[in-house]
Amino acid sequence: MRSVKGLQRHGGWKMEEIEDCLVDEQTREQETPPDFFYFSDFERHNAEIAAFHLDKILDFRRVPPVAGRLVNMTKEIRDVTRDKKLWRTFFISPANNVCFYGECSYYCSTEHALCGKPDQIEGSLAAFLPDLALAKRKTWRNPWRRSYHKRKKAEWEVDPDYCEEVKQTPPYDSGTRLLDIMDMTIFDFLMGNMDRHHYETFEKFGNETFIIHLDNGRGFGKHSHDEMSILVPLVQCCRVRKSTHLRLQLLAKEEYKLSVLMAESMTRDRLNPILIQVHLDAMDRRLRLVLNALSECIDKEGYSYVVEDDLQGDLGADHIHSGPRRR
């Protein structure tokens with residue numbers, strides 16, 4: 001199924017609102033080909049939808065609301081857009097389908113166009129609130145960013161003590177930012193998302209803010225493989241919020257099973273089913289792996305060091321690093 005990811009704010013589509021302009025060549029049943037590098041993976045509209053529901057169930061609530069829609073490319077995009085550059089990329093294919101490719105740094109060409117049948121296409125629509133004009137966002141390089149190179153490895157992949165270096169570097173040396181990274185790591189591991197090279201925060205609040213979990217389209221590509229490298233930040237740092245730890249333990253119980261809650265949460269989306277059962281089962285399996293990793297951390301470092309109690313009021317500026325380091 002070909003799809004478009006994007007958002008609509010004021011009734012007219014703009015070029016920047018058609019995210020990435022990438023073609024989703026995967027059906028719900030297909031997995032990412034094994035020879036694909038993570039940076040060559042497809043963008044999946046259903047992954048954006050599922051990520052919103054997962055984030056909500058984890059009680060992070062850092063993904064803007066996302067919903068699936070069947071979009072009429074002619075009436076709802078081409079005929080209402082005010083962006084001439086976007087409008088010029090529309091064309092009729094040899095199969096008499098309406099297509100467009102937009103403008104972006106890669107994959108935006110007639111060879112990678114998004115085509116409807118004849119002009120109907122599945123899409124994920126996200127509500128970005130508040131608008132950038134009201135609340136600017138700051139982009140940060142993820143300390144555990146991958147090399148995005150076919151042969152080179154990143155520093156964290158070869159240095160098991162890499163987290164010690166991160167913890168001495170602003171903004172991770174104070175406040176709750178490191179714990180936010182741990183939440184994001186768990187979130188990405190459950191989805192199988194390897195593409196977290198940067199992240200964003202609200203600029204106005206400085207380091208007293210949270211990470212916004214944007215751009216999740218490369219999640220849920222493989223259900224048969226658990227990418228353990230995504231979990232490296234958690235394994236190296238051995239830190240987690242108590243609220244996160246308790247939520248994960250709850251979702252591992254049969255009566256609050258993560259896969260069941262996800263299926264129920266996504267039922268009312270117009271494009272349901274968003275995920276097939278094997279992807280749901282994979283999340284249950286990965287959840288157990290996260291809890292196993294945390295159990296090993298607790299056995300090694302002690303509960304009071306690993307689990308940060310965020311349920312007893314506001315944390316002090318340097319409180320998250322105040323526990324004794326046990327080796």
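**Disulfides, aromatic pairs and confidence**

The S-S torsion of cysteine 163 and cysteine 237 is about 110 degrees, so this disulfide is right-handed. The sulfur atoms of cysteine 163 and cysteine 237 lie 1.9 Å apart; a disulfide is here a pair of cysteine sulfur atoms within 2.5 Å. Cysteine 163 belongs to helix H5 (residues 162-166) and cysteine 237 to helix H7 (residues 232-237), so the link ties together parts 74 residues apart in sequence. Helices (H or I, at least four residues) and strands (E, at least two) are DSSP runs, numbered from the N terminus. Cysteine 163 and cysteine 237 are both buried. Buried means under 20% relative accessible area, exposed over 50%, and partly exposed in between (1.4 Å probe, protein chains only).

The model is predicted; local features require pLDDT of at least 70, side-chain atom pairs count only at pLDDT 80 or more, and totals for chains, interfaces and linings use all residues. Residues are numbered from 1 along each chain as its sequence is written, and side-chain values use heavy atoms, with hydrogens and water left out.

The structure holds three disulfides. Cysteine 99 and cysteine 115 form one of them, with the sulfur atoms 2.1 Å apart. The S-S torsion of this link is 110 degrees, and the link is right-handed. Cysteine 99 lies in strand E5 and cysteine 115 in strand E6, so the bond ties together parts 16 residues apart in sequence. Cysteine 99 is buried, at 0% relative accessibility. Cysteine 115 is partly exposed, with a relative accessible area of 23%.

Cysteine 238 and cysteine 297 are also joined by a disulfide, S to S 2.1 Å. The torsion about the S-S bond of cysteine 238 and cysteine 297 is about -75 degrees, so the disulfide is left-handed. The link connects distant parts of the chain, 59 residues apart. Cysteine 238 sits in the loop between H7 and strand E10 (240-241), and cysteine 297 in helix H10 (residues 277-301). Cysteine 238 and cysteine 297 are buried.

The structure holds five aromatic pairs. The pair of phenylalanine 91 and tyrosine 101 is tilted, at 6.2 Å centre to centre and 50 degrees between the planes. Rings of Phe, Tyr and Trp (its six-membered ring) pair if their centres lie within 6.5 Å; planes under 30 degrees apart count as stacked, over 60 as edge-to-face and the rest as tilted. Phenylalanine 91 lies in strand E4 (residues 91-92) and tyrosine 101 in the loop between strand E5 (98-100) and strand E6 (114-115), so the pair ties together parts 10 residues apart in sequence. Phenylalanine 91 is partly exposed, with a relative accessible area of 25%. Tyrosine 101 is partly exposed, at 23%.

Tryptophan 140 and tyrosine 199 have ring centres 6.4 Å apart and planes at 10 degrees, so this pair is stacked. Tryptophan 140 lies in strand E8 (residues 137-141) and tyrosine 199 in strand E9 (residues 198-202), so the contact ties together parts 59 residues apart in sequence. Tyrosine 199 is buried, with a relative accessible area of 2%.

Tryptophan 140 also carries charges over its ring. The charged end of lysine 138 sits over the ring, 4.9 Å from its centre. Arginine 177 lies over the face of tryptophan 140, at 4.4 Å from the ring centre. The criterion places NZ of Lys or CZ of Arg within 6 Å of the ring centre and within 35 degrees of the ring normal.

The protein chain averages a pLDDT of 87, and 85% of the residues score at least 70. pLDDT is the predictor's confidence in each residue, from 0 to 100. Over residues 7-24 the pLDDT is below 50. This stretch of residues 7-24 has 75 contacts in the model beyond near neighbours in sequence; contact means heavy atoms within 4.5 Å. Residues 315-327 stay under 50, with 35 contacts beyond four places in sequence.
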